[in-house]
Structure formats: structure tokens, C-alpha cells
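Subject: Structure for your review

Dear colleague,

Please find below the structure that I am handing over to you. My findings are set out after it.

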Amino acid sequence: MRATVMYGAGDVRVEDVPDAGLREPTDAVVRVVLSCICGSDLWPYASMPSSSPGRRMGHEFLGVVEEVGPEVSGFRAGDVVVSPFTWADGSCDFCAAGLHTSCRHGGRYGADGVDGGQGEAVRVPQADGTLVRLPVGEDSALLPSLLTLSDVFCTGHHGAVTTGVGPGTAVTVIGDGAVGLCAVLAARRLGAERILLMGRHAERTDLGREFGATDVIAQRGAEGVARVRELTRGDGTHAVIECVGTGQALETALGVVRDGGAVSRLGVSQYTEVPMGFDAFMRNITLTGGAAPARAYIEQLLPDVLDGAVQPGRVFDRTVGLDEVHGGYRAMADREALKVLVRP
């Protein structure tokens, strides 16, 4: 079968790899109908050292079950399913607590002999605990929005949940990428009264306004912090969702959060230390977030996607075939595309 492999910074290839097949009795094989490129994929695309063998890419996908192992009871061939971006058994103590990303028997796609999502098929370990059946056909117009349940919409939702967004709250979202826009959508869905979106790309922040942003702040750094403070009578917002992953973005988040508020880190961290010194201590700031346990959120968010109450699939603004995936990476890295959909 064909699949995406990264060999180093800027070196993305689509190659013939061994066919996805059952290895364990708890596996399923899923034929990929839709996949996509994640913003987190751009970090290795920019900086990964040359490597051979390469790294299998992709962790967001939905598709059709082709085959199941003898211990898989919840799925059968022909089911349309979505997978969260990590696989999990769904039964350990961490999964029971809603933290599937820490599953004792789980793991990540594209690692340890597991296929990546940017390919023609994927072996899904722990299929019963991982996959979610979708009540649609493989040609449904809802598939792009349903694909966001694999990662990006659930991640935005995680930021809103961990900062306590609810009716009447005010939230600042830092970053106008797909995760940031999904955080805006999630905050509106949870009833936020005011949503400040910090971003500089008009075509993205325009979509953010349609998703529910009440204010857009184009300034960065100290100027951006000052503008948020100005718009909030000097206080900042109780909830801040940081969707970039850089040290500067985190500093901005701490600058715009209200005393007693919470900052959720959603961007994949490109730093190893956080500026949480005596000042943050005295302000009673909570730092939270992290990798979203998407499997815990999919069934909560699924009904609103199915009935069209939310349309997170609008973050996809370019579609490529599998053999064109390198161009998709380049378009996202060059900010020519917001998020690229891949149709194998």
C-alpha cells in the first residue's frame, strides 16, 4: 500500500510500504477515506534531522473497517469509523478517568510498528477501545467535520474544558491556526460570552468571527497584551487557550490571563521551561491543558456535528490526493493553507 514517510526536514515522500494487516486479536484494519495534515506535523517538517528509515506520518483519519481480529466485538467490516489521534484499550484506570492519552496499553500512530494515518490503510490496535462508529456513509458531506473529531476539534474543546469555559465567561484564544479556530468554536458551543482571538491572518480571523469570536487582536507581544487588557478594563480574561506552542505565546497567555484565571496549553510545546515565578504565584494562575484525550470527547461532540450545529470541517481549505501530500505540507508551512485534507 502507499503511505507518507518523512525522512527529514522538508523531505516528505509517498512510498510503497507493507500492507496494513492484523497482528493482534484486538486489531482492526481500517481503509482510510479521509486523513489530513496536522499543525504539529509542521514541527518535524521544519526541523527533523535526516533519518533512515523514515518516520510514518499522520494521526488523524477516518475510514471503513476492512477486517477485525477475533477478540474485536464492537465492529465489523463495512463500519464507517473515526479514530482519535492515539489508540487506547478503553478499559484501564486512566481510560476510565477520561485520560486515554495515558492508557496503560495504548500508543501513537506512526510509531512502534503502527501505521500512520496519511496512507491507504491503518492497523488500529485496541480497536474496541479506540474506534467510534459513525452513522453515515463513506460519501457523506459531513466527513470533513467528522474527521476533526480525530484531533483538532477535540483539542480545541480540551482547551475550553480545562480552563472552565462556560456560560458568561470570557476567553482569549492565542493563535489563528486550525486548533485556535476550533477552540473559538468550542468556547462558543460551551456558552462563552466573549471570545478574543489573537491572530494576524485576516482570512483565518474572519472564519474565527464566524465561529464565534467577538474581538480580533492582531498585535503580538506586549502590544497584544496591552490590547487585551484595554478590551477587558485592565483585567484580562479568566480563560486563556494557547494554541501555538512557543515560549512567546505562553508569555502572552500569562500576560492576558486575569488573576485567578487559567491558561490551557494546547500548542505542542517548543520550550522546556515556563515563566511561572513569584508573580504568577501571587496572582493564583493555573497552568493546565496538554494533549487532548480525544476519545473521551468524541461522543460528546458527535451529535452537534451530525446535526450541523457546529461545522469544524470548515478549517479545511485545501484538499490533496495522497501523491500530492508533499505539496500539502509545503502549503501549510508557507501559510498558503490553513489545514489540508488528504484523500488517499
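Predicted model: local features only at pLDDT ≥ 70, side-chain atom pairs only at ≥ 80, totals over all residues.

Three strands make up an open sheet in the order β2-β1-β4, and their pairing is antiparallel. The edge positions belong to β2 (11-16) and β4 (55-56); each has a single partner strand, so one side of each is left without a neighbour in the sheet.

Strand β1, residues 2-8, pairs with β2 over six bridges in the antiparallel sense. Within this pairing, threonine 4 stands opposite valine 14 of β2, and glycine 8 has aspartate 11 of β2 as its bridge partner. The two strands form a hairpin with two residues between them, and glycine 10, in the turn, has a positive phi of about 75°.

With β4, strand β1 pairs over two bridges, again in the antiparallel sense. Valine 5 has its bridge partner in β4, namely arginine 56. Six of the seven residues of β1 are buried, so this strand is largely enclosed by the rest of the structure. Helix α12 (residues 325-333) lies across β1 and β2, and runs at about 160° to β2.

Salt bridges

How many salt bridges does a search of the whole structure find? The search returns 20.

Glutamate 66 belongs to strand β5 (residues 61-68) and arginine 31 to strand β3 (residues 28-36), so the pair ties together parts that are 35 residues apart in sequence. Glutamate 66 is partly exposed, its relative accessible area being 45%; arginine 31 is also partly exposed, with a value of 29%.

In the pair of arginine 283 and aspartate 279, are the residues buried or exposed? Arginine 283 counts as buried at 13% relative accessibility, whereas aspartate 279 counts as exposed at 52%.

Helix α5

Nine of the 11 residues of helix α5 (residues 152-162) are buried, so the helix is largely enclosed by the rest of the structure. Among the buried residues are Val152, Phe153, Cys154, His157 and His158.

Which elements do the buried residues of α5 pack against? They pack against the helices α6 (178-189) and α11 (294-306), and against the strands β14 (237-242), β15 (257-265) and β16 (286-289). Glycine 164 follows α5 and has a positive phi, near 80°.

Yours sincerely

Conventions:
Residues numbered from 1 in each chain as written. Heavy atoms only, no water. Pairing = 2+ DSSP bridges. Helix = DSSP H or I, 4+ residues; strand = E, 2+ residues; numbered from the N terminus. Contact = heavy atoms within 4.5 Å. Axes fitted to C-alpha atoms, helices over the stretch in contact; angles between N-to-C directions. Salt bridge = Lys/Arg side-chain N within 4 Å of Asp/Glu carboxyl O. Buried < 20%, exposed > 50% of the residue type's maximum accessible area, 1.4 Å probe, protein only.
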